[in-house]
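Visitor: Please show me the structure, and then I will ask about its parts.

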Amino acid sequence: MKLTHVQGTLPGPKGRVLLERWHRAEADVVGYQAPVVWDTARGCIVTDVDGNRYIDWTSGVLVTNVGHCHPHLVEAIKRAAERLLNNYECANVERILAAEALVEALPPHLNKCFFLSTGSEGIEAALRLMKRYTGKFEILAFEGGFHGRTFGAASAGGLPGPKRLYGPTVPGIIRAPYPNPYRDPLGLCQGAPRFDRYFQMLDNIVAANSTGSLGGVLVEPYQGAAGFIFPPPGWLTRLVEWAHKHEMLVTLDEVQSSYGRTGKMWAQQHENLDIDIMVIGKAIGCGAPVSAVAARDQIFSCLKKGEMSSTLGGNPIASAAVVAVLEIYQKEPLVENSAKIGAYMKKRLRAIAKECPYLGDVRGMGLVMGLEFVRDKKTKEPAPELIRPIIDNCANAGLLVGSVGLYGNVIRVAPPLVISKEEADESLSIMAGVLKGIRLP
Ligand SMILES: Cc1ncc(COP(=O)(O)O)c(C=O)c1O
């Protein structure tokens, strides 16, 4: 029996009315999504207000790794909500258990954490930590990087969306190219494991742009919003070595890459990176709003009491979610499934790409992949005009997908990590069918 079912053309009758009401009341300023009003979701299956059923390749936006509304998580949130909702900066049992559970799950050298509410807030905290610990104020970040929409995070980022037309950004950010194996006109991905050409260029960038106050590096293990760009193996290891040689701290932005997304619990484990600070968000609460910054104990000790705080950080509901999510990871083979089903889906997507003249690249690790669409596979000219029809046609056929990319031409493949082979097969068939019918306008 088919898992998905969509009646007629979207939006359905109830969905249409609700979307109109929504846009009348709330500013319509978010990115483009299929016209679907979500009602309920379990595991990988989403049901909309008209009773249509979809397989989800979005996980929200790489949030619901344990599957939508996992019963253990829902129960933990309910139990916490009945007892205590907030107690700013004070201890509560859930917060203490969450901190212990998170530190236990982190790579051993990151032995302290601090809870906040969003990924952007975690990035702001990491920027502060790097500046306070080193006493320096410049940060090296990357073109194409996305770290959030608060002002420090947006200033560090290297995508136009969060900062274009918003005036001057925070001073002290030095930006370098991020190596992109699919588009590498300067050969920056060559020369593993030393990547001499890349690091000579980086030395030149620092020499030309730094005032001598470079204290830290902020980097994503793969660039998510830029289009799921994975650097060549070994480049991150070399970057950490380079930064430490120059007495800088390294913050790894694992807001979206952690909790098994790449087939390892933490993306940094693919190369056992010796980073100093990590920012975690999204799947840490699998739907409960929580984020964290984690670092060596000694790094946090540069802050005086009262220097880091957040109204909702460490609240009992978010903290109960942190604990419940980690318990689910202990009981269920989510990380293994991510690696296994991810490899299977990538293989099948690469076969689909051979048949589709516009699917230029299929890349990724575990259950985070990007499908990059181009007008021509030789010239690689981006084809963002294909993305909206793909999103709409997929939804009409029962598959929810979203888009990213510096050029807006990449479809995200990021289902909850509980996706079964049956769900993978049905969703892959939907994508293959949609791509067969897609044409350049
Ligand atoms: C790598 C990365 N960092 C930071 C953020 C910002 O997180 P939030 O939207 O929770 O502020 C995101 C969000 O997509 C992200 O992907």
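Visitor: Which helix gives the most to the shell around the ligand?
Guide: This is a predicted model. In the model, 15 residues surround the ligand, and Thr118, Gly119, Ser120, Gly148 and Val255 are the closest. By class, the shell holds 5 nonpolar, 8 polar and 2 charged residues. The most from any helix is 3 residues, and the helix that supplies them, residues 119-134, is H5.

Visitor: Are H11 and H13 roughly parallel or roughly antiparallel to each other?
Guide: The axes of H11 (residues 334-355) and H13 (residues 421-437) come within 11 Å and cross at roughly 20°. Angles under 35 degrees count as roughly parallel. The two helices, H11 and H13, are therefore roughly parallel.

Visitor: How many charged residues does the contact of H11 with H13 have?
Guide: From H11 come Ile341, Tyr344, Met345, Arg348 and Ile352, which meet Lys421, Ala424, Leu428, Met431, Ala432 and Leu435 in H13. Of the residues in this contact, 9 are nonpolar and none is polar, and the number of charged residues is 2.

Definitions and conventions
Residues are numbered from 1 along each chain as its sequence is written. This is a predicted model: local features need pLDDT of at least 70, side-chain atom pairs count only at pLDDT 80 or more; totals for chains, interfaces and linings use all residues. Axes are lines fitted to C-alpha atoms, for helices over the stretch in contact, and angles run from 0 to 180 degrees between N-to-C directions. Helices (H or I, at least four residues) and strands (E, at least two) are DSSP runs, numbered from the N terminus. Angles under 35 degrees count as roughly parallel, over 145 as roughly antiparallel, 65 to 115 as roughly perpendicular and the rest as oblique. Two residues are in contact if their C-beta atoms, placed from the backbone, lie within 7 Å. Ala, Val, Leu, Ile, Met, Phe, Trp, Tyr, Cys and Pro count as nonpolar, Asp, Glu, Lys and Arg as charged, and the others, Gly among them, as polar. A residue is near a molecule or strand if its C-beta atom, placed from the backbone, lies within 6 Å of it.
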